[in-house]
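Morning, everyone. Please have a look at the next slide, and then I'll talk you through it.

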Amino acid sequence: MQDFINNVSRYPRFFITICLGIFFFLFERLKPLLERPATAIALITSIVATFVFLTFTLRAMLGLSPV
């Protein structure tokens with residue numbers, strides 16, 4: 001049973017490692033776009049717009065009260 005507990009306890013670490021790897025990969029790919037002001041503004045605007053879109057979509061799907 002101890003081996004099972006040790007094996008299951010590795011999954012959160014694996015999940016965090018995968019998430020951090022994806023974050024660092026995407027950051028490295030988008031880093032050159034942050035060097036010029038025009039592309040930096042466009043990139044930040046698109047990230048904020050995506051976050052707002054997902055927030056409104058999830059609120060509508062879950063039936064939460066509007067802000």
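I'll go from overall shape to surface, then to a few side chains.

First, the ground rules. This is a predicted model, so local features need pLDDT of at least 70, side-chain atom pairs count only at pLDDT 80 or more, and totals for chains, interfaces and linings use all residues. Residues are numbered from 1 along each chain as its sequence is written, and side-chain values use heavy atoms, with hydrogens and water left out.

Overall shape. The protein has 2 helices and 0 strands. Both terms refer to DSSP runs, numbered from the N terminus: helices are H or I, at least four residues, and strands are E, at least two. Along the principal axes, the C-alpha atoms fill a box of roughly 55 × 40 × 15 Å.

Helix 2 next. With 26 residues at 1.5 Å a residue, helix 2 should span 38 Å, and its end C-alpha atoms are 37 Å apart, which agrees. The expected span is 1.5 Å times one less than the number of residues. Just after helix 2, G63 takes a positive phi of about 70°.

How much of the protein is buried? Buried residues make up 3% of the 67. Buried means under 20% relative accessible area, exposed over 50%, and partly exposed in between, with a 1.4 Å probe and protein chains only. L43, in helix 2, is buried, with a relative accessible area of 12%.

Now the surface. The accessible surface comes to about 6400 Å², and 75% of that belongs to carbon and sulfur atoms. Areas come from the Shrake-Rupley method with a 1.4 Å probe; for residues, only the protein chains shown count as cover.

Finally, the aromatics. How many aromatic pairs does a search of the whole structure find? The search finds 2. Rings of Phe, Tyr and Trp (its six-membered ring) pair if their centres lie within 6.5 Å; planes under 30 degrees apart count as stacked, over 60 as edge-to-face, and the rest as tilted. The F23 and F24 rings have centres 5.6 Å apart and planes at 55°, so that pair is tilted. F23 and F27 are stacked, at 6.4 Å centre to centre and 20° between the planes. F23 and F27 are 4 residues apart in helix 1, so about one helical turn separates them. In general, an α-helix has 3.6 residues a turn, so residues three or four places apart point the same way. F23, F24 and F27 form one aromatic cluster. F27 is partly exposed, at 39% relative accessible area.
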